[in-house]
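Hi,

Here is the structure I promised to pass on. Have a look at it first, then read my notes below.

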Amino acid sequence: MLQAYIARMREAVKQHDDALLPLFETVAAEAAFARAWMADDLAALPRGASILEVGGGTFLLSCRLAEEGFAVTSIEPVGGGFGEFPQLAELLLKHSTVKPTIAAVRGEDFVSDSVFDLAFSVNVMEHVDEPLAVIERVKAALKPGAQYRFFCPNYLFPYEPHFNIPILFTKDITLFVLHDKIRNFPTHDAVGAWSSLNWITVPEVKRMARKAGLAARFNTKIFAQQLARITSDPAFVARRGGLLIRIVRFGMALRLDRVLAMLPAVAQPTMDVTLTKSAA
């Protein structure tokens, strides 16, 4: 059970460095979301299937998937905005009974002699320097017919989820107007985290998929599913602004989540993309 695994890792963090507990709780909530998000994909894989995680972070989910019997490789170079991650990653790896293979390179530089049944990433593609290069590297590592599924913000929607701020036309204008709020945001190296954002959009992903020769499919129900987290995930709520939470809860009470699920991917704040490699 995932929750039993998370409880075991939480206890290890508490005993060895409880200052990392706030970060762990955030990572654990995201791992639980990601495991549920990809449950159907994982269920369709054969026993011992090979999985590539693009952006392993602290490797909590990678370690769990390895314990479930998957052959997991995790790409993770630690970059700006994530200074506490290496400490937590080292601790979690130390206390995991099965560990993933770690590729300590950028996604843009990843090369593998192995091929994978599935690749995935959660809230990673908005941080990479060259999204197309990552997509092409992942494609090269996939088996024919395999998929790369990723979840990330859509920056056509006027809301920046990492800093809980509105988007004011462009990244530069937003930084100029909201500089103090961004600089003082309560996270490690807020400036580095802001700099890492590439403002990826749904149309850009469609263009990159065509250029890479991959079929792209967007799950337009993902935003409505995210809204449901507000009623069940306290850690998720804690990372969002109070006004936004009140608005969302009001909308949920009116069942607006059903309407939002019908919006095209380009109009939604997040994207859930499946890129499929040709079986030929």
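On the α1 side, Met9, Ala12, Val13 and His16 make the contact, and on the α5 side Leu88, Leu91 and Leu92 do (contact means heavy atoms within 4.5 Å). Helix α1 covers residues 2-16 and α5 residues 85-94; they pack at about 120°, with axes 10 Å apart. The axes are lines fitted to C-alpha atoms, for helices over the stretch in contact, and the angles run from 0 to 180 degrees between N-to-C directions. That makes α1 and α5 oblique to each other (under 35 degrees is roughly parallel, over 145 roughly antiparallel, 65 to 115 roughly perpendicular, and the rest oblique).

Before you go on: this is a predicted model, where local features need pLDDT of at least 70 and side-chain atom pairs count only at pLDDT 80 or more, while totals for chains, interfaces and linings use all residues. Residues are numbered from 1 along each chain as its sequence is written, and side-chain values use heavy atoms, with hydrogens and water left out.

**The whole chain**

The protein chain has 14 helices and 9 strands (DSSP runs numbered from the N terminus: helices are H or I with at least four residues, strands E with at least two). Of its 280 residues, 51% count as buried (under 20% relative accessible area; exposed is over 50%, partly exposed in between, with a 1.4 Å probe and protein chains only).

**Aromatic rings**

How many aromatic pairs does a search of the whole structure find? It finds 7. Rings of Phe, Tyr and Trp (its six-membered ring) pair if their centres lie within 6.5 Å; planes under 30 degrees apart are stacked, over 60 edge-to-face, and the rest tilted.

Take Trp37 and Phe151: their ring centres are 6.3 Å apart and the planes meet at 65°, so this pair is edge-to-face. It links distant parts of the chain, with Trp37 in helix α2 and Phe151 in strand β5, 114 residues apart. Both Trp37 and Phe151 are buried.

Phe163 and Phe185 make a tilted pair, 5.1 Å centre to centre with 55° between the planes. Phe163 is buried, at 2% relative accessible area. Phe163 and Phe185 also belong to one aromatic cluster with Tyr155, Trp194 and Trp199.
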